[in-house]
Amino acid sequence: MTDQPSAGSGEPIGPVTMLATPIRLDFDFTPGVAQSRFLRGLERGTFLGQRCPTCHKVYVPSRGTCPTDGVATTEDVELAGTGTVTTYCVVNVPFAGQSIEIPYIAAQVLLDGANLSFMGLIQEIPADEVRMGMRVEAVWVAPDELTPSLASVRYFRPNGEPDADYDTYKEYL
Amino acid sequence: MADSDVLHAKHVLEYPYSRSVGPVIGAFLTALRDGRFVGVVGSGGSVIVPPTEYDPITGDDTGELVEVGPGGVVESWAWVSHPRRKHPLAHPFAWALITLDGAGTALLHAVDAGAPDALSTGARVTARFRPAGERVGSMSDVEAFVLEGGAAR
C-alpha cells in the first residue's frame, strides 16, 4: 500500500515513497491450569493465590509451581483486596492506544498475605503524593462487568490506613 | 480443576508500521505499479534486483536504473503443499529464487506451477502482474510467476 492514489483512480500519481508494512500476529492464548485459576478468581472479584507446601510462600498469580523449591503449589489461598505499594513509577509519556490520562502511576502492590507483588494502577490520589509503603485497596469493576481478566481490577486506591513499615515489604523490592 | 475451566482466548498483536522507501526501492516499487521491473547497476556492472542504494559487496553508490524481466530463470525452489493464510496463493505453489532476464541477482517470489512435477531448476518463468487498477506499488503487485508457455492458474 502506498500514500499515492492507485493507478486506476485516473488522478496524476507520483513515485512510490511509502510502503505500509503492518506486522500482525493472530494467536490463540491459553494461560494454562494455574493462571486460569487466578483469572477465574478475578471473574469472582477475588485475588486467588497458591501456597508452596515447602517454603509456605504465597504466590499471586501462581504459575502452579514454586520457583524456589520446584514443587507444585496445590493449596489455594484467597487474598484480601488490600496491600502495600512496594515501588512505583510515574508514567509521563503518551503513547498510541493509551486509555488513561498522564501522569499516572503504575505500582507494584504486595497484597496482604502474599509473598509476591504484582503490577496495578494507583488512582484517586495525585501522582506526586504516591509513596512506597502506601496502603491501598483494589477497586473492581461492577459485578456484572467482571471477566476472567486483570481488566476486572480497575485500579488500587489509598485505603486510609497509616503507611506500612518499611521492614514489612523490604524483601519484596 | 477440570480441563474445561482452562481458559483460551484469541489474541491479536498488530503494529501498523509504514516506512519511507527512499529513491531506489521507491523506483522499484513505482515500476511494479507500472507493471514492470527495474534493477540498478552495481559497481562491477552487474544488475542488482531488487535494487539497492549501495553495492552490497563494495559499499559504493549504485548506478543507473535499468529495466529487467519480466521473464527469468528459476535458480532454486521449494514446494508449498499447504499454503498458509497469508501466502500469496491459496493453492499449492513454489517459493523460488528467480533471476530476471538482465539481472545478476535472484529475487524471491511465488511460482504458480500447478504441481511440483512441472517445475525444475532452470525453468523459464514470467511474471503475472495484477491488473493495473489493483497495483499499488508493492511486491504483491506481482501475483506470482508462471511457467513460460504453460501457465497454471
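**A two-chain predicted model, sheet by sheet**

In chain A of this predicted model, three strands form an open sheet in the order S4-S3-S5, with antiparallel pairing. Helices (H or I, at least four residues) and strands (E, at least two) are DSSP runs, numbered from the N terminus, and two strands pair if DSSP finds at least two bridges between them. Strand S4 (58-59) and strand S5 (75-79) of chain A stand at the edges with a single partner strand each, so one side of each has no neighbour in the sheet. Chain B has an open antiparallel sheet of three strands too, in the order S4-S3-S5.

Here is how to read the labels and values. Residues are numbered from 1 along each chain as its sequence is written, and chains are lettered from A and ligands numbered from 1 in the order in which they are written. As this is a predicted model, local features need pLDDT of at least 70 and side-chain atom pairs count only at pLDDT 80 or more, while totals for chains, interfaces and linings use all residues; side-chain values use heavy atoms, with hydrogens and water left out.

- Strand S3 (residues 47-51) of chain A pairs with S5(A) in the antiparallel sense over five bridges.
- Along that pairing, A:Gly49 has A:Val77 in S5(A) as its bridge partner, and A:Phe47 has A:Leu79.
- Helix H1 (residues 32-43) of chain A packs on this sheet and touches S3 and S5 of chain A. Its direction makes about 145 degrees with that of S3(A). Contact here means heavy atoms within 4.5 Å; axes are lines fitted to C-alpha atoms, for helices over the stretch in contact, and angles run from 0 to 180 degrees between N-to-C directions.
- S3(A) and S4(A) run antiparallel and are joined by two bridges; across them, A:Gln50 stands opposite A:Tyr59 in S4(A).
- The hairpin of S3(A) and S4(A) has six residues between the strands, and A:His56 takes a positive phi near 65 degrees there.
- S3(A) is mostly covered, with four of its five residues buried. Buried means under 20% relative accessible area, exposed over 50%, and partly exposed in between (1.4 Å probe, protein chains only).

- Strand S3 (residues 37-41) of chain B pairs with S4(B) in the antiparallel sense over two bridges, and B:Val41 stands opposite B:Val47 in S4(B).
- Helix H1 (residues 22-33) of chain B packs on the sheet and touches S3 and S5 of chain B, with its direction at about 155 degrees to that of S3(B).

**Nonpolar cores**

- The largest nonpolar core has 29 residues, of which B:Phe37, B:Leu100, B:Val111 and B:Phe145 touch the most other members. Such a core is a set of buried Ala, Val, Leu, Ile, Met, Phe, Trp, Tyr and Cys residues joined through side-chain atoms within 4.5 Å.
- In chain B, H1, S3, strand S7 (93-100), strand S8 (107-111), strand S9 (124-129) and strand S10 (142-147) each supply at least two residues of this core.
- Another core, of 25 residues, lies apart from it, and its members include A:Val60, A:Val77, A:Phe118 and A:Phe156.

**Chain A as a whole**

- Chain A has one helix and 10 strands, and its elements run β-β-α-β-β-β-β-β-β-β-β from the N terminus on.
- The radius of gyration of chain A is 22 Å, well over the 16 Å that the globule rule gives for 173 residues, so chain A is more spread out than a compact globule. The radius is taken over C-alpha atoms, and the rule is 2.2 Å times the number of residues to the power 0.38.
- Its C-alpha atoms fill a box of roughly 70 × 40 × 35 Å, taken along the principal axes.
- Of the 173 residues of chain A, 38% count as buried.

**Chain B as a whole**

- Chain B has one helix and 10 strands, in the order β-β-α-β-β-β-β-β-β-β-β from the N terminus on.
- The radius of gyration of chain B is 19 Å, well over the 15 Å that the globule rule gives for 153 residues, so chain B is more spread out than a compact globule.
- Of the 153 residues of chain B, 39% count as buried.
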